[in-house]
Amino acid sequence: MNVNLVPDDLWDRIAPLLPVRPRRHRHPGRLPVPDRVALAGIVYVLRKGVAWRDVPSEVVGCSGVTAWRRLRDWTEAGVWPCLHAALLTELRRAGLLDLNDCSVDGSHVRALKRGDHVGPSPVDRARPGSKHHLIVDRHGTPVAVTLTGGNRHDVTQLLPLLDAVPPIRGRRGRPRRKPRRVYADRGYDFDKYRRLLWKRGIKPIIARRGVAHGSGLGKVRWVVERAFAWLHQFKRLRIRYERRAALHQGLLELACSIICLRRLRRSF
């Protein structure tokens with residue numbers, strides 16, 4: 001196994017979250033592939049963007065089919081949201097997470113296979129596509145990410161995206177679940193959603209349509225564009241190949257967790 005794919009700090013945080021496989025006392029068969037080796041296969045596909053069948057077993061230590069099965073099982077067990085929430089808690093405890101000012105945006109990706117959350121993309125000649133919706137803190141740290149069809153408007157996913165923010169601990173008092181201010185571009189310019197945000201105790205700072213450019217919001221919300229660039233450095237996320245929406249969502253959450261871990265490393 002290539003240790004660069006799964007460093008010790010990443011494995012130490014994932015290992016306690018993995019479900020325990022029941023031991024087979026009768027007819028045990030071959031020994032299962034170690035979880036860390038299977039995780040290396042998942043990270044290899046996430047970074048390189050290769051097909052599961054093209055995973056080099058001599059480099060990773062297991063076949064791509066085995067890695068895909070572990071991804072399926074761990075996604076069903078809810079490992080990736082727990083990992084992301086745990087890393088956000090560490091960031092907040094270290095004072096590296098600023099939830100007062102958050103930015104939201106969406107990004108289209110082409111979907112080469114049919115499946116859940118796939119729709120005609122209005123920016124790609126109605127070809128099948130999906131959309132990543134992301135909310136980040138003031139520093140660009142991914143706080144929550146969701147997946148929808150390519151034909152869903154960004155503003156319709158604003159409230160579901162806020163609901164997807166996990167309870168973030170790390171400080172004395174109640175866990176933090178919502179920002180104080182939300183920055184967004186003109187695609188979110190609807191008074192209805194402004195009122196809904198005010199009801200939640202969140203101040204909306206959204207650019208107005210029909211006015212000249214130069215609102216000044218770019219100096220705050222540029223971090224969400226950079227976060228999308230970080231996500232798309234993981235080549236598997238540039239195009240959606242997974243037919244199952246849950247598997248692509250799991251890869252998104254794993255990529256967000258790796259980005260959070262990188263920020264923790266730079267703080268030491």
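**Working chat: rings, pockets and a few residues**

Me: How many aromatic pairs does the structure hold?
Reply: The structure holds one aromatic pair. Trp74 and Trp80 form this pair, which is edge-to-face, with 6.2 Å centre to centre and 70 degrees between the planes. Rings of Phe, Tyr and Trp (its six-membered ring) pair if their centres lie within 6.5 Å, and planes under 30 degrees apart count as stacked, over 60 as edge-to-face and the rest as tilted.

Me: What kind of model is this?
Reply: This is a predicted model, where local features need pLDDT of at least 70, side-chain atom pairs count only at pLDDT 80 or more, and totals for chains, interfaces and linings use all residues. Residues are numbered from 1 along each chain as its sequence is written, and side-chain values use heavy atoms, with hydrogens and water left out.

Me: Back to the pair. Is Trp74 buried or exposed?
Reply: Trp74 counts as buried because its relative accessibility is 3%. Buried means under 20% relative accessible area, exposed over 50%, and partly exposed in between (1.4 Å probe, protein chains only).

Me: And Trp80, buried or exposed?
Reply: Trp80 is buried, with a relative accessible area of 1%.

Me: What does Ala38 touch?
Reply: Not counting residues up to four places away in sequence, Ala38 touches Val33, Cys62, Ala67, Arg70 and Trp74. Contact means heavy atoms within 4.5 Å.

Me: Where is Ala38?
Reply: Ala38 is in helix 2, residues 35–48. Helices (H or I, at least four residues) and strands (E, at least two) are DSSP runs, numbered from the N terminus. Ala38 has a relative accessible area of 0%, so Ala38 is buried. Ala38 and Val65 are 27 residues apart along the chain, and their C-alpha atoms are separated by 9.7 Å.

Me: Where does Val6 lie?
Reply: Val6 lies in the segment before helix 1 (8–14). Val6 counts as buried, at 0% relative accessibility.

Me: Which residues is Val6 in contact with?
Reply: Trp11, Arg36, Leu39 and Ala40, leaving aside neighbours of Val6 within four places in sequence. Val6 and Leu39 are 33 residues apart in sequence, and 7.2 Å apart in space from C-alpha to C-alpha.

Me: What lines the largest pocket?
Reply: There are 17 lining residues, and Arg21, Arg24, Leu31, Pro32 and Arg70 lie nearest the centre of the largest pocket. The lining divides into eight nonpolar, two polar and seven charged residues. Ala, Val, Leu, Ile, Met, Phe, Trp, Tyr, Cys and Pro count as nonpolar, Asp, Glu, Lys and Arg as charged, and the others, Gly among them, as polar.

Me: What volume has the second largest pocket?
Reply: About 240 Å³. Of the 13 residues that line the second largest pocket, Trp52, Lys113, Arg236, Tyr241 and Glu242 are the closest to its centre. By class, that lining has six nonpolar, one polar and six charged residues.

Me: Now backbone angles. What is phi of His117?
Reply: Near 55 degrees, a positive value in a residue other than glycine. Most residues other than glycine have a negative phi. His117 lies in the loop between strand 1 (101–111) and strand 2 (119–120). With a relative accessible area of 42%, His117 is partly exposed.

Me: What about phi of Arg125?
Reply: Arg125 has a positive phi of about 55 degrees, although Arg125 is not a glycine. The place of Arg125 is in the loop between strand 2 and strand 3 (128–136), and Arg125 is exposed, with a relative accessible area of 75%.

Me: Ala111, then. Where is it found?
Reply: Ala111 is found in strand 1, and is buried, with a relative accessible area of 5%. Leaving out residues up to four places away in sequence, Ala111 touches Val118, Pro128, Gly129, Ser130 and Arg240.

Technical notes
On a 1 Å grid over the protein atoms alone, a cavity is a set of points where a 1.4 Å probe fits but cannot get out, and a pocket is an open set with protein on both sides within 12 Å along at least five of seven lines; lining residues have an atom within 4 Å of a point. Grid points are joined across faces, edges and corners, and a volume is the space filled by probe spheres set on the points.
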